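Student: I have a model open and would like to learn how to read its features one by one. Where do we begin?

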Amino acid sequence: MFDVLIKNGKTEREQPIEVGINGGRIAAVAPKLEGAGGHQEIDLHQQSYVTAGWIDDHVHCYEKLSLYYDDPDEDGYKAGVTTVIDAGSTGADNIRSFYDITRAKKTNVYALINIGRTGILAQDELGDLDKVNKQALFDAVADLPDFIVGIKARESHSVVIDNGIKPLLAARSYAALLGHLPIMVHVGANPPELKDILQAMGAGDVLTHAYNGKPNGMIDENGEIKEFVYDAYDRGVVFDVGHGTDSFNFKTMQIARDHGLDPKSLSTDIYHRNRENGPVYDMATTMEKMLLLGYTLPEVIRMVTFAPADTFHLLNKGRLRPGKDADVTIFNLTKGDKVLTDSNGNTKTGQQLIAPIYTVVGGAVYDLEEQHA
(Lines give C-alpha, C1' and ligand atoms only; values in the text may rest on other atoms or scores of the structure.)
Protein backbone atom coordinates (compact mmCIF):
# COMPACT_ATOMS: atom_id res chain seq x y z
CA MET A 1 0.00 0.00 0.00
CA PHE A 2 1.53 3.30 -1.15
CA ASP A 3 0.99 6.63 0.56
CA VAL A 4 -0.01 7.99 -2.86
CA LEU A 5 -0.77 6.05 -6.03
CA ILE A 6 -1.01 7.83 -9.37
CA LYS A 7 -2.61 5.43 -11.81
CA ASN A 8 -3.72 5.28 -15.43
CA GLY A 9 -1.58 8.22 -16.49
CA LYS A 10 0.56 8.69 -19.58
CA THR A 11 4.07 9.99 -20.13
CA GLU A 12 4.99 12.88 -22.41
CA ARG A 13 5.75 10.15 -24.99
CA GLU A 14 2.19 8.81 -24.74
CA GLN A 15 3.25 5.67 -22.86
CA PRO A 16 1.22 4.36 -19.90
CA ILE A 17 2.62 5.18 -16.46
CA GLU A 18 1.77 4.65 -12.80
CA VAL A 19 3.70 6.05 -9.87
CA GLY A 20 3.75 4.91 -6.25
CA ILE A 21 4.95 7.30 -3.54
CA ASN A 22 6.05 6.51 0.03
CA GLY A 23 7.58 8.80 2.63
CA GLY A 24 8.10 11.72 0.28
CA ARG A 25 10.04 9.63 -2.24
CA ILE A 26 9.11 7.87 -5.44
CA ALA A 27 8.81 4.19 -4.53
CA ALA A 28 7.79 2.61 -7.84
CA VAL A 29 7.27 3.56 -11.48
CA ALA A 30 5.85 1.23 -14.12
CA PRO A 31 3.39 1.16 -17.01
CA LYS A 32 1.10 -0.73 -14.61
CA LEU A 33 1.61 -1.34 -10.89
CA GLU A 34 -0.36 -4.56 -10.73
CA GLY A 35 -2.46 -5.01 -7.60
CA ALA A 36 -1.22 -1.75 -6.09
CA GLY A 37 -3.30 0.49 -3.86
CA GLY A 38 -2.79 3.80 -2.17
CA HIS A 39 -4.05 5.61 0.90
CA GLN A 40 -4.59 8.41 -1.59
CA GLU A 41 -5.25 7.48 -5.20
CA ILE A 42 -5.30 9.70 -8.29
CA ASP A 43 -6.93 7.93 -11.23
CA LEU A 44 -6.24 9.78 -14.48
CA HIS A 45 -8.25 7.45 -16.76
CA GLN A 46 -5.57 7.58 -19.48
CA GLN A 47 -6.38 11.26 -20.05
CA SER A 48 -3.61 13.18 -18.27
CA TYR A 49 0.17 13.38 -18.42
CA VAL A 50 2.48 12.52 -15.52
CA THR A 51 6.01 13.94 -15.50
CA ALA A 52 8.73 14.74 -13.04
CA GLY A 53 7.94 17.96 -11.20
CA TRP A 54 8.53 21.05 -13.27
CA ILE A 55 11.53 23.18 -12.27
CA ASP A 56 11.74 26.90 -13.02
CA ASP A 57 15.39 27.89 -12.72
CA HIS A 58 14.86 31.66 -13.06
CA VAL A 59 12.26 33.39 -10.90
CA HIS A 60 12.24 36.39 -8.55
CA CYS A 61 10.37 35.59 -5.36
CA TYR A 62 11.92 37.37 -2.36
CA GLU A 63 8.86 39.12 -0.99
CA LYS A 64 10.72 41.87 0.87
CA LEU A 65 12.01 43.54 -2.30
CA SER A 66 10.29 46.43 -4.07
CA LEU A 67 11.52 45.94 -7.66
CA TYR A 68 11.15 42.27 -8.53
CA TYR A 69 9.33 40.07 -6.06
CA ASP A 70 6.61 37.46 -5.68
CA ASP A 71 5.28 34.68 -3.48
CA PRO A 72 7.17 31.48 -4.42
CA ASP A 73 3.95 29.48 -4.17
CA GLU A 74 2.25 31.67 -6.78
CA ASP A 75 5.11 30.92 -9.18
CA GLY A 76 5.43 27.37 -7.90
CA TYR A 77 2.99 24.67 -6.89
CA LYS A 78 -0.11 26.71 -7.77
CA ALA A 79 1.16 26.79 -11.37
CA GLY A 80 2.28 23.16 -11.57
CA VAL A 81 5.90 23.99 -10.72
CA THR A 82 7.35 21.93 -7.88
CA THR A 83 10.71 23.70 -7.61
CA VAL A 84 11.75 27.32 -8.19
CA ILE A 85 15.23 28.78 -8.18
CA ASP A 86 15.35 32.47 -7.36
CA ALA A 87 17.89 34.04 -9.71
CA GLY A 88 19.89 36.51 -7.70
CA SER A 89 17.22 38.58 -5.97
CA THR A 90 19.29 38.37 -2.81
CA GLY A 91 22.97 38.67 -2.01
CA ALA A 92 25.05 37.94 1.06
CA ASP A 93 23.31 40.65 3.12
CA ASN A 94 19.74 39.34 2.75
CA ILE A 95 19.81 35.77 1.50
CA ARG A 96 19.47 34.37 5.02
CA SER A 97 16.23 36.33 5.46
CA PHE A 98 15.02 34.92 2.15
CA TYR A 99 15.87 31.40 3.28
CA ASP A 100 13.91 31.82 6.50
CA ILE A 101 10.80 32.98 4.63
CA THR A 102 10.92 30.08 2.18
CA ARG A 103 10.79 27.42 4.90
CA ALA A 104 7.03 27.99 5.24
CA LYS A 105 6.36 27.58 1.51
CA LYS A 106 4.85 24.48 -0.08
CA THR A 107 7.04 24.86 -3.18
CA ASN A 108 10.70 23.76 -3.09
CA VAL A 109 12.73 26.98 -3.16
CA TYR A 110 16.44 27.37 -3.92
CA ALA A 111 18.53 30.44 -4.68
CA LEU A 112 21.33 31.77 -6.81
CA ILE A 113 23.27 34.24 -4.70
CA ASN A 114 23.79 37.63 -6.34
CA ILE A 115 27.47 38.53 -6.76
CA GLY A 116 26.47 41.90 -5.29
CA ARG A 117 25.92 41.58 -1.56
CA THR A 118 22.73 43.72 -1.50
CA GLY A 119 20.92 41.71 -4.16
CA ILE A 120 18.46 43.66 -6.31
CA LEU A 121 17.58 46.41 -3.86
CA ALA A 122 18.07 48.76 -6.81
CA GLN A 123 18.45 48.24 -10.54
CA ASP A 124 22.17 49.14 -10.47
CA GLU A 125 23.33 46.72 -7.77
CA LEU A 126 26.66 46.16 -9.55
CA GLY A 127 27.40 49.79 -10.35
CA ASP A 128 29.57 49.94 -7.21
CA LEU A 129 32.17 47.17 -7.05
CA ASP A 130 32.50 47.70 -3.28
CA LYS A 131 29.27 45.63 -3.11
CA VAL A 132 31.16 42.63 -4.51
CA ASN A 133 32.64 41.02 -1.41
CA LYS A 134 34.20 37.57 -1.59
CA GLN A 135 34.20 36.77 2.13
CA ALA A 136 30.58 37.78 2.63
CA LEU A 137 29.52 35.57 -0.26
CA PHE A 138 31.62 32.63 0.92
CA ASP A 139 30.17 32.94 4.43
CA ALA A 140 26.62 32.86 3.06
CA VAL A 141 27.37 29.80 0.94
CA ALA A 142 28.86 28.06 3.98
CA ASP A 143 25.80 28.91 6.07
CA LEU A 144 23.27 27.77 3.44
CA PRO A 145 24.89 24.94 1.46
CA ASP A 146 21.61 23.20 0.68
CA PHE A 147 19.83 26.40 -0.38
CA ILE A 148 22.36 28.25 -2.52
CA VAL A 149 22.80 26.33 -5.78
CA GLY A 150 24.64 28.89 -7.88
CA ILE A 151 25.90 32.46 -8.36
CA LYS A 152 24.11 35.18 -10.37
CA ALA A 153 25.74 38.06 -12.21
CA ARG A 154 23.48 40.53 -14.02
CA GLU A 155 25.45 41.92 -16.97
CA SER A 156 23.51 44.73 -18.56
CA HIS A 157 24.36 48.42 -18.63
CA SER A 158 21.64 49.53 -16.20
CA VAL A 159 23.02 47.07 -13.64
CA VAL A 160 26.81 47.35 -13.99
CA ILE A 161 26.90 51.01 -15.18
CA ASP A 162 30.58 51.40 -16.18
CA ASN A 163 31.94 48.18 -14.68
CA GLY A 164 31.64 46.04 -17.80
CA ILE A 165 32.25 42.35 -17.17
CA LYS A 166 34.17 42.84 -13.93
CA PRO A 167 31.30 41.39 -11.82
CA LEU A 168 31.19 38.33 -14.10
CA LEU A 169 34.93 37.82 -13.77
CA ALA A 170 34.58 38.03 -10.00
CA ALA A 171 31.76 35.48 -10.09
CA ARG A 172 33.87 33.11 -12.16
CA SER A 173 36.81 33.40 -9.77
CA TYR A 174 34.58 32.78 -6.75
CA ALA A 175 32.93 29.80 -8.44
CA ALA A 176 36.35 28.34 -9.23
CA LEU A 177 37.39 28.64 -5.59
CA LEU A 178 34.13 27.14 -4.33
CA GLY A 179 34.37 24.38 -6.89
CA HIS A 180 30.74 23.39 -7.26
CA LEU A 181 28.46 26.35 -7.99
CA PRO A 182 27.41 27.16 -11.57
CA ILE A 183 27.07 30.78 -12.65
CA MET A 184 23.99 32.28 -14.30
CA VAL A 185 24.58 35.45 -16.32
CA HIS A 186 21.81 37.89 -17.22
CA VAL A 187 22.31 39.75 -20.51
CA GLY A 188 20.58 42.90 -21.67
CA ALA A 189 21.41 46.34 -23.04
CA ASN A 190 25.04 47.09 -23.88
CA PRO A 191 27.67 47.87 -22.85
CA PRO A 192 28.92 45.32 -21.91
CA GLU A 193 28.81 43.60 -25.27
CA LEU A 194 27.36 40.09 -25.56
CA LYS A 195 30.57 38.99 -27.29
CA ASP A 196 32.67 40.00 -24.28
CA ILE A 197 30.23 38.35 -21.87
CA LEU A 198 30.22 35.04 -23.75
CA GLN A 199 33.98 35.02 -24.16
CA ALA A 200 34.26 35.21 -20.36
CA MET A 201 31.90 32.24 -19.86
CA GLY A 202 32.83 28.57 -19.82
CA ALA A 203 31.19 25.17 -20.01
CA GLY A 204 28.38 24.84 -17.50
CA ASP A 205 27.90 28.58 -17.07
CA VAL A 206 24.30 29.61 -17.83
CA LEU A 207 23.35 32.39 -20.24
CA THR A 208 19.81 33.42 -19.34
CA HIS A 209 17.68 35.71 -21.56
CA ALA A 210 19.55 34.03 -24.41
CA TYR A 211 16.72 34.47 -26.92
CA ASN A 212 15.92 38.15 -26.46
CA GLY A 213 15.20 40.53 -29.34
CA LYS A 214 17.59 43.29 -28.29
CA PRO A 215 20.39 44.78 -30.42
CA ASN A 216 22.88 43.21 -28.00
CA GLY A 217 21.37 39.77 -28.62
CA MET A 218 22.46 36.77 -30.67
CA ILE A 219 20.97 37.96 -34.01
CA ASP A 220 22.75 40.50 -36.22
CA GLU A 221 21.08 43.18 -38.37
CA ASN A 222 20.78 40.69 -41.25
CA GLY A 223 18.87 38.17 -39.17
CA GLU A 224 21.86 35.84 -38.84
CA ILE A 225 23.33 34.23 -35.74
CA LYS A 226 26.51 36.02 -34.68
CA GLU A 227 29.51 33.71 -35.07
CA PHE A 228 30.73 34.09 -31.48
CA VAL A 229 27.36 32.77 -30.28
CA TYR A 230 28.02 29.43 -31.99
CA ASP A 231 31.46 29.34 -30.38
CA ALA A 232 29.99 29.75 -26.88
CA TYR A 233 27.24 27.19 -27.50
CA ASP A 234 29.70 24.64 -28.86
CA ARG A 235 32.04 24.92 -25.89
CA GLY A 236 29.23 24.17 -23.45
CA VAL A 237 27.73 27.45 -22.30
CA VAL A 238 24.18 26.59 -21.21
CA PHE A 239 21.51 28.57 -23.06
CA ASP A 240 18.45 29.26 -20.88
CA VAL A 241 15.28 31.01 -22.06
CA GLY A 242 14.57 33.34 -19.10
CA HIS A 243 11.45 34.78 -20.80
CA GLY A 244 10.71 37.75 -18.57
CA THR A 245 9.09 41.06 -19.41
CA ASP A 246 11.78 42.09 -21.90
CA SER A 247 13.80 39.03 -22.85
CA PHE A 248 12.03 36.57 -25.17
CA ASN A 249 11.43 37.13 -28.87
CA PHE A 250 9.59 34.72 -31.16
CA LYS A 251 11.75 35.54 -34.19
CA THR A 252 15.02 35.14 -32.29
CA MET A 253 13.87 31.82 -30.86
CA GLN A 254 12.74 30.57 -34.28
CA ILE A 255 16.01 31.53 -35.97
CA ALA A 256 18.00 29.92 -33.16
CA ARG A 257 15.95 26.73 -33.42
CA ASP A 258 16.41 26.60 -37.19
CA HIS A 259 20.18 26.83 -36.65
CA GLY A 260 20.41 24.19 -33.91
CA LEU A 261 20.87 26.57 -30.97
CA ASP A 262 18.20 24.94 -28.82
CA PRO A 263 17.87 26.00 -25.19
CA LYS A 264 18.92 23.47 -22.60
CA SER A 265 16.44 24.87 -20.09
CA LEU A 266 13.20 26.81 -20.18
CA SER A 267 12.62 29.36 -17.43
CA THR A 268 10.14 32.18 -16.95
CA ASP A 269 11.95 35.03 -15.13
CA ILE A 270 8.58 35.47 -13.48
CA TYR A 271 7.70 37.96 -10.75
CA HIS A 272 4.40 39.40 -9.61
CA ARG A 273 3.98 41.97 -12.38
CA ASN A 274 4.64 39.79 -15.42
CA ARG A 275 2.71 36.97 -13.76
CA GLU A 276 -0.36 39.14 -13.27
CA ASN A 277 -0.14 41.27 -16.43
CA GLY A 278 1.90 39.13 -18.82
CA PRO A 279 3.52 38.39 -21.11
CA VAL A 280 4.80 35.52 -18.93
CA TYR A 281 1.78 34.56 -16.78
CA ASP A 282 3.10 31.12 -15.77
CA MET A 283 5.29 28.19 -16.76
CA ALA A 284 2.51 26.44 -18.72
CA THR A 285 2.06 29.48 -20.98
CA THR A 286 5.82 29.65 -21.54
CA MET A 287 5.82 25.95 -22.47
CA GLU A 288 2.94 26.56 -24.90
CA LYS A 289 5.12 29.10 -26.72
CA MET A 290 7.83 26.49 -27.23
CA LEU A 291 5.28 24.01 -28.61
CA LEU A 292 4.05 26.72 -30.96
CA LEU A 293 7.59 27.23 -32.27
CA GLY A 294 7.94 23.55 -33.14
CA TYR A 295 9.44 21.87 -30.11
CA THR A 296 7.87 18.54 -29.18
CA LEU A 297 6.29 17.87 -25.82
CA PRO A 298 9.12 15.51 -24.76
CA GLU A 299 11.68 18.19 -25.68
CA VAL A 300 9.85 20.84 -23.67
CA ILE A 301 9.35 18.58 -20.65
CA ARG A 302 13.08 17.84 -20.56
CA MET A 303 13.76 21.60 -20.54
CA VAL A 304 11.74 21.99 -17.31
CA THR A 305 12.71 18.77 -15.52
CA PHE A 306 15.99 16.97 -16.12
CA ALA A 307 17.81 19.92 -17.68
CA PRO A 308 17.62 22.43 -14.79
CA ALA A 309 18.10 19.61 -12.26
CA ASP A 310 21.29 18.65 -14.09
CA THR A 311 22.60 22.22 -14.42
CA PHE A 312 22.15 23.03 -10.74
CA HIS A 313 23.06 19.59 -9.36
CA LEU A 314 19.64 18.84 -7.90
CA LEU A 315 20.38 15.15 -7.97
CA ASN A 316 17.10 13.97 -6.44
CA LYS A 317 14.91 15.92 -8.84
CA GLY A 318 14.12 15.99 -12.53
CA ARG A 319 13.32 12.32 -13.16
CA LEU A 320 10.55 9.90 -12.23
CA ARG A 321 12.71 7.16 -10.76
CA PRO A 322 12.54 5.17 -7.50
CA GLY A 323 14.43 6.94 -4.74
CA LYS A 324 14.03 10.41 -6.22
CA ASP A 325 12.03 13.13 -4.46
CA ALA A 326 8.29 12.68 -4.94
CA ASP A 327 7.91 15.84 -7.01
CA VAL A 328 5.39 15.25 -9.80
CA THR A 329 3.43 17.45 -12.17
CA ILE A 330 0.17 16.14 -13.67
CA PHE A 331 -1.34 18.11 -16.54
CA ASN A 332 -3.74 18.01 -19.46
CA LEU A 333 -2.82 18.89 -23.02
CA THR A 334 -5.76 19.86 -25.19
CA LYS A 335 -6.38 21.49 -28.56
CA GLY A 336 -7.61 25.06 -28.68
CA ASP A 337 -6.63 28.49 -29.93
CA LYS A 338 -4.75 30.84 -27.62
CA VAL A 339 -3.04 34.12 -28.45
CA LEU A 340 0.51 34.11 -27.10
CA THR A 341 2.65 37.23 -26.78
CA ASP A 342 6.44 37.57 -26.64
CA SER A 343 8.37 40.24 -24.76
CA ASN A 344 8.27 42.65 -27.70
CA GLY A 345 4.49 42.55 -28.12
CA ASN A 346 4.54 40.17 -31.10
CA THR A 347 1.65 37.70 -31.10
CA LYS A 348 1.12 34.22 -32.45
CA THR A 349 -1.81 31.85 -32.02
CA GLY A 350 -1.00 28.52 -30.42
CA GLN A 351 -3.15 25.42 -30.81
CA GLN A 352 -1.98 23.38 -27.81
CA LEU A 353 -3.11 24.26 -24.29
CA ILE A 354 -1.30 23.02 -21.19
CA ALA A 355 -3.25 22.95 -17.93
CA PRO A 356 -1.66 21.58 -14.73
CA ILE A 357 -4.24 19.73 -12.62
CA TYR A 358 -2.17 18.28 -9.75
CA THR A 359 1.14 19.28 -8.23
CA VAL A 360 2.87 16.79 -5.94
CA VAL A 361 5.69 18.24 -3.82
CA GLY A 362 7.57 15.84 -1.58
CA GLY A 363 4.59 13.49 -1.68
CA ALA A 364 2.05 16.17 -0.69
CA VAL A 365 -0.74 16.35 -3.28
CA TYR A 366 -2.28 19.67 -4.33
CA ASP A 367 -5.42 19.48 -6.47
CA LEU A 368 -5.22 22.60 -8.65
CA GLU A 369 -8.67 22.21 -10.17
CA GLU A 370 -10.15 22.10 -6.67
CA GLN A 371 -8.20 25.23 -5.68
CA HIS A 372 -9.40 27.09 -8.78
CA ALA A 373 -13.02 26.00 -8.35
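**Reading the contacts and the backbone**

Tutor: We begin with the rings. This is a predicted model, and the structure holds eleven aromatic pairs.

Student: How is an aromatic pair described?

Tutor: A pair of aromatic rings is described by the distance of the centres and the angle of the planes. Take Tyr68 and Tyr271: their ring centres are 5.1 Å apart and their planes are at 85°, which is an edge-to-face pair.

Student: Where in the chain do Tyr68 and Tyr271 lie?

Tutor: Tyr68 is in the loop between β6 (54–59) and α1 (72–75), while Tyr271 is in the loop between α8 (250–258) and α9 (272–276). The pair therefore ties together parts that are 203 residues apart in sequence.

Student: Next, the salt bridges. How many does the structure hold?

Tutor: The structure holds 20 salt bridges. One of them joins the side chains of Asp70 and Arg275, at 2.8 Å from N to O; the cut-off for such a pair is 4 Å. Asp70 lies in the loop between β6 and α1 and Arg275 in helix α9, so this pair ties together parts that are 205 residues apart in sequence.

Student: How is the chain divided into domains?

Tutor: Domain 1 takes residues 1–49 together with 320–365, and domain 2 takes 52–310. Taken over C-alpha atoms, the centres of domain 1 and domain 2 are 26 Å apart.

Student: What area is buried between domain 1 and domain 2, and which residues supply it on the side of domain 1?

Tutor: About 2400 Å² is buried between domain 1 and domain 2, and carbon and sulfur atoms give 63% of that area. On the side of domain 1, Leu340, Ser343 and Ile354 supply 24% of the area buried against domain 2, more than any other three residues. As a residue count, 27 residues of domain 1 are in contact with 32 residues of domain 2.

Student: Which elements of domain 1 give two or more residues to the side that touches domain 2?

Tutor: Those elements are β13 (328–341) and β14 (347–361). The largest share of that side comes from β14, with eleven residues. By kind, the residues on the side of domain 1 that touches domain 2 are eleven nonpolar, ten polar and six charged.

Student: Which residue has a positive phi although it is not a glycine?

Tutor: Asn8 does, with a phi of about 60°. To find Asn8, look in strand β1, residues 2–10.

Conventions: Residues are numbered from 1 along each chain as its sequence is written. This is a predicted model: local features need pLDDT of at least 70, side-chain atom pairs count only at pLDDT 80 or more; totals for chains, interfaces and linings use all residues. Side-chain values use heavy atoms; hydrogens and water are left out. Domain bounds come from an automatic or database domain assignment. Contact means heavy atoms within 4.5 Å. Buried area is the accessible area (1.4 Å probe) that two parts lose on being put together, summed over both. Helices (H or I, at least four residues) and strands (E, at least two) are DSSP runs, numbered from the N terminus. Ala, Val, Leu, Ile, Met, Phe, Trp, Tyr, Cys and Pro count as nonpolar, Asp, Glu, Lys and Arg as charged, and the others, Gly among them, as polar. Rings of Phe, Tyr and Trp (its six-membered ring) pair if their centres lie within 6.5 Å; planes under 30 degrees apart count as stacked, over 60 as edge-to-face and the rest as tilted.
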